[in-house]
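Biologist: Could you take me through one part of this model up close, one residue to begin with, and then carry on from there?

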Amino acid sequence: MKLLIVDDEPLILKRLEQLIVSSAVGIHEVYATSNPAEALEMLKECAPQILITDIRMPKVSGVDLARYAYENQMQTLVIFVTGYSDFEYAKSGIAYQVFDYLLKPIDEEESLRTVKKAVSTIQEKQKHDEIHSMFQNYFSTHFVAARRQFLEKLLFHPLTHTKEQLVSIQKQFQMDTDALCLCAVRFTCSSGFGEDFYYSYMTEQYLNRSFSDFLTYPFGDMIYMLWLPQNGQPAVSAMYGRFQEIREKLEMNYPVRVFAGISDFTDDLSKVQLLRKQVARCLEHTAQKGAAPIAFFSDLPDAFVHEEYFDMVHTITKLIRLLRMGEKVPVQQEYEKITRQFQGRTDSYISEMIDLITSNILLFIQGLSIPSTELAKMERQILVPLRQQTDVQLKLQYVQYWLDYLVDWIFDAQAAEQNRLMQSIYDYIDTNFGDSIGLASLSEHVNRNPSYLSRFIKQQTNKNFSQILTGRRMEEAKSLLRTTSLKVPQIAQKTGYPNVRYFNRVFHSHFSMSPTDYRKVTAAFFN
């Protein structure tokens, strides 16, 4: 880091230069001049991060230097050296964002504090700029993947952004389209089990190759497509023609029947999950006998449009919140409430809702740090059979088994974590009881909030932290009184009580005798 000192008084200049050179303040190069005329040239050439300059000098003043640095965007922090009589004049530096002022006569401690503050400010800005640059580089490199991931989260998981935040994100991702809509394609096939997933994969590949304005998201035996047309909302006939082309190509190449649902258009990203409900309605309609294989939400009968739609996303959020608590009965009750809502629904609707539940639970699991062995066991015993099952009632039972398994695992994991935390607390007390410790130092050691720790310790032991600490200190005091010849004040010091009178009082309250009497009694007993 570079620093330039400018002062037409050589003694002040030399004093400041020696002070900074001899002090470890993070300055690696120090330049100095008492010639105001050459100060401007030095400022241009060495481009210092910090400039300390006298404010009143002939020809080129400190204000002139500050103005030059400001107007040329040099990012130089300017510190004015000024007297009381010049202070009003020094206020002109505010226009050029002067960092600080040093008053004459120069105070060494104050000067070093000011320079250290400037160095710290520059380092913080450099750190911020580096992080910002890394973020920008990452964002530009992974732009397409980041946009796709954001839209996927928006589509399949509970909404956590405000409308204003979504507008800002939409600009960042350069989503300038005036409208978007959601489409969904589902397959039925008469071939062997599992081939519908293969056809989903092949369809996704086909769509990615053929349509650059689709973002495709396979989801079980179905593919969602976010359509972001660049030239505004297309005509319905053009939309129908495009999906008819997709359907005909797939049915011509594979032994499948293809059904498609197409939502309304919207320019509001916060409505993406509403679009998801619309395409689910469309697919319910296409599942009926005689219904057209391609359905637009705008063309559905009133019964499909206005019938109350169960808000599954909100319910799943509540289910996961109960799951996180590790309590089986509330989770089972909430899941039973969900399954009751499926009565009278089509199998395709129930399958989609099961997929929605499992995808959100899988996202939740990712944050649990489940060991790989447990994940493998879960995959083998529950998830694979769930994905392979075609009977929706059996699928619902598999989800119930999965939820029960997860609740048990979370409960055991929470119990193990509580045991580890309690052991860490006891270890900390055992190691540090002789020092001045408290709940604040403990919370820092175990990285937990003090209020949470206080409640946790009370729940686990029915004692507070102070009582446990005091008990440990008293046990150590008894041991030292019984096994050593240390004097009572020394024992008080070793057990965390610098004040021997307070130590005596605490000891007496615990054992109904003084430390000296305890030593006499135990000595007589053991002798």
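Modeller: Let's start with Gln 170, which counts as buried because its relative accessibility is 13%; buried means under 20% relative accessible area, exposed over 50% and partly exposed in between, using a 1.4 Å probe and protein chains only. Bear in mind that this is a predicted model, where local features need pLDDT of at least 70, side-chain atom pairs count only at pLDDT 80 or more, and totals for chains, interfaces and linings use all residues. Residues are numbered from 1 along each chain as its sequence is written, and side-chain values use heavy atoms, with hydrogens and water left out.

Gln 170 sits in helix 7, residues 163–172. Helices (H or I, at least four residues) and strands (E, at least two) are DSSP runs, numbered from the N terminus. The C-alpha of Gln 170 is 8.1 Å from that of Leu 269, although the two are 99 residues apart along the chain.

Asp 54 is another buried residue, at 2% relative accessible area, and it belongs to strand 3, residues 50–54. Leaving aside residues up to four places away in sequence, Asp 54 touches Val 6, Asp 7, Asp 8, Gly 62, Val 81 and Lys 104, where contact means heavy atoms within 4.5 Å.

Now for the nonpolar side: the largest nonpolar core has 33 residues, and Leu 323, Ile 361, Ile 365, Trp 402, Leu 403 and Leu 406 have the most contacts inside it. Such a core is a set of buried Ala, Val, Leu, Ile, Met, Phe, Trp, Tyr and Cys residues joined through side-chain atoms within 4.5 Å. Helices 12, 13, 14, 15 and 16 each give two or more residues to this core, and helix 16 provides the largest share, 10 residues. As for Ile 365, it touches Ile 370, Leu 375, Met 378, Trp 402 and Leu 406, again skipping residues up to four places away. There is also a second, separate core of 27 residues, including Phe 156 and Tyr 217.

Helix 13 and helix 16 also pack against each other, at about 160° with axes 10 Å apart. Axes are lines fitted to C-alpha atoms, for helices over the stretch in contact, and angles run from 0 to 180 degrees between N-to-C directions. The pair is therefore roughly antiparallel; that label covers angles over 145 degrees, with under 35 roughly parallel, 65 to 115 roughly perpendicular and the rest oblique. Among the contact residues are Tyr 335 of helix 13 and Leu 403 of helix 16.
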